[in-house]
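This briefing goes through one structure by topic, from the chain to a single residue. Please keep the sequence and the coordinates open while reading.

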Number of protein chains: 2
Amino acid sequence: MAYRQTASVEARLHDNRARILAAARRLVSEGGWKEAQVASVAAAAGMATGTVYRYFPSKAELFAEVLSAVSQREVDVLAAIAASGGSATQRLHTAVSTFVQRAMRNPRLAYALIAEPCDKEIDEARLTYRAAISEVIRSIVAAGQQAGSLRTDVAADLAATVIVGGFMEGLIGPLSPLGRRQRQDSEAYRRSVAALADEIATLACASVTAPPSTVRQLPRRPS
Amino acid sequence: MAYRQTASVEARLHDNRARILAAARRLVSEGGWKEAQVASVAAAAGMATGTVYRYFPSKAELFAEVLSAVSQREVDVLAAIAASGGSATQRLHTAVSTFVQRAMRNPRLAYALIAEPCDKEIDEARLTYRAAISEVIRSIVAAGQQAGSLRTDVAADLAATVIVGGFMEGLIGPLSPLGRRQRQDSEAYRRSVAALADEIATLACASVTAPPSTVRQLPRRPS
DNA sequence: TGAAGAAATGAATTAACATTCACTTCATCA
DNA sequence: TGATGAAGTGAATGTTAATTCATTTCTTCA
């Protein structure tokens with residue numbers, strides 16, 4: 001036995017892995033997916049291209065991990081809100097508006113992770129992420145339905161999916177490179193973000209709030 | 001002058017173009033984007049690969065045209081609903097529910113056009129399409145705001161975007177190859193589609209319906 | 001110190017299609 | 001009919017990065 005992994009090596013390996021993830025995340029958040037090449041990541045992390053493959057089996061898995069790390073934090077934030085006090089409506093409003101505001105703090109990264117056209121395989125990893133967020137929203141909606149404050153004529157999971165799709169789409173315009181020309185440091189910007197977050201959250205809450213009287217819609221089918 | 005395009009040639013050219021578009025559309029609607037290769041399209045249209053390039057400058061433009069043709073029909077249907085009689089709420093409900101039901105008639109195609117991971121360039125073409133649909137919804141919302149039946153505390157264009165994002169996302173699950181195991185010909189299937197369409201439309205309408213009393217939310221920011 | 005094995009390297013290879021183009025076939029008309 | 005130029009062909013080429021792997025450099029410990 002002439003070689004055994006010591007603590008110092010193990011630490012370096014761990015550090016390398018973290019550096020790769022950090023570099024990958026930084027590149028995406030600065031230049032979107034077109035900058036997110038394995039060779040660039042390696043260079044940014046200060047190592048050779050091949051080294052990246054000692055830590056991640058493929059580009060897709062590397063970026064899936066970036067995606068999942070960022071997302072997990074958001075899911076945790078939402079889960080904390082879901083578990084906090086207040087009515088379901090209040091929690092839903094806070095959850096949506098918080099998500100929007102947090103996304104707007106790093107618009108380039110949020111845009112890349114949520115909406116920017118990217119490799120098929122990375123795109124597939126987004127599904128998991130949306131599903132996790134949707135599940136948190138579902139739990140709030142279901143609680144509100146139990147409590148009687150939210151409408152029960154739509155399944156909680158469908159409502160959650162629609163809400164998530166809605167606020168994500170509402171975010172895309174402001175997040176995208178086109179819709180994002182203002183300086184982020186201005187007070188006006190901060191206010192407009194808060195207003196956007198509030199409007200989107202209001203729409204989300206309204207969509208599931210129990211109607212006061214049971215005025216049934218009369219759907220027609222013209223086509 | 002030894003050559004001039006005659007009517008018969010012109011007709012053939014036009015027909016070829018149409019055959020390419022039809023073949024492209026058929027391939028996508030049968031096998032999704034992985035089947036949508038230029039060589040396959042050419043084969044399906046009964047011609048050589050290079051011929052396709054006499055009609056379309058690139059794969060992306062070819063499929064952008066497929067996308068826009070299918071989408072335009074949907075936009076037209078929605079526009080007709082928007083221009084029809086009834087309250088804004090009724091028209092919104094009908095518009096959303098009609099869109100959902102029509103999409104479910106050809107789920108594989110709708111899934112590919114709306115949600116399936118695909119080439120960046122084709123993905124970019126989707127934006128135009130969503131924008132057009134969003135514009136129709138916006139017009140309904142704006143009318144409802146004018147009439148006083150829809151809430152005015154959110155901008156019509158934002159509301160429209162959120163609504164579109166919501167119903168598209170609500171569709172994705174049922175449209176995707178995973179969520180679509182039933183035979184489409186059963187009566188049960190048709191009923192479940194109608195129910196889905198109604199629920200999604202109900203959420204959309206509720207999100208913008210004017211609240212009876214002005215109960216302000218109290219947003220908090222825990223994070 | 002040096003043998004043994006792990007980690008790192010980065011140039012070369014691969015893969016998967018889109019796209020091109022030199023050539024063939026077809027349509028037109030003097 | 002054959003000269004002219006358009007339409008059609010499909011094998012060859014181009015493109016763009018991801019991925020590999022033979023080689024080099026480090027670590028460990030007898």
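Helices (H or I, at least four residues) and strands (E, at least two) are taken as DSSP runs and numbered from the N terminus. This is a predicted model, in which local features need pLDDT of at least 70, side-chain atom pairs count only at pLDDT 80 or more, and totals for chains, interfaces and linings use all residues. Residues are numbered from 1 along each chain as its sequence is written, while chains are lettered from A and ligands numbered from 1 in the order in which they are written.

**Chain A overall**

- Chain A has nine helices and zero strands, and its elements run α-α-α-α-α-α-α-α-α from the N terminus.
- The C-alpha trace of chain A spans about 80 × 45 × 40 Å along its principal axes.
- Of the 223 residues in chain A, 38% are buried; a residue is buried if 20 or more other C-beta atoms, placed from the backbone, lie within 10 Å of its own, exposed if 12 or fewer, and partly exposed in between.
- Two residues are in contact if their C-beta atoms, placed from the backbone, lie within 7 Å.
- Among contacts in chain A with a separation of 6 or more, 72% are between residues 24 or more positions apart.

**Symmetry and interface**

- Chain A is superposed on chain B by a rotation of 180° with 0.0 Å of shift along the axis, at an RMSD of 0.1 Å (least squares on the C-alpha atoms of residues with pLDDT of at least 70 in both copies).
- That relation is the one of a two-fold axis.
- The copies meet through the same surface, because 98% of the interface residues of chain A are also interface residues in chain B.
- The contact takes 47 residues from chain A and 47 residues from chain B.
- On the side of chain A that touches chain B, two or more residues each come from helix H4 (59-83), helix H5 (88-105), helix H7 (120-147), helix H8 (156-175) and helix H9 (187-208) of chain A.
- H8(A) gives the most to that side, with 13 residues.
- By class, the side of chain A that touches chain B has 22 nonpolar, 16 polar and nine charged residues; Ala, Val, Leu, Ile, Met, Phe, Trp, Tyr, Cys and Pro count as nonpolar, Asp, Glu, Lys and Arg as charged, and the others, Gly among them, as polar.

- In H8(A), 18 of the 20 residues are buried.
- H8(A) reaches 28 Å from its first C-alpha to its last, close to the 28 Å expected at 1.5 Å a residue (the expected span is 1.5 Å times one less than the number of residues).
- Helix H1 (residues 7-31) of chain A has 25 residues and should span 36 Å, which agrees with the 36 Å between its end C-alpha atoms.
- The buried residues of H1(A) include Ile20(A), Arg25(A) and Leu27(A).
- Those buried residues pack against helix H2 (38-44), helix H3 (49-52), H4 and helix H6 (107-114) of chain A.
- Gly32(A), which follows H1(A), has a positive phi near 70°.

**Trp33(A)**

- Trp33(A) lies in the loop between H1 and H2 of chain A.
- Trp33(A) counts as partly exposed because it has 18 C-beta neighbours inside 10 Å.
- Leaving aside neighbours within four places in sequence, Trp33(A) is in contact with Val28(A), Ala112(A), Glu116(A) and Cys118(A).
- The C-alpha atoms of Trp33(A) and Ala115(A) are separated by 11 Å, and the two residues are 82 residues apart along the chain.
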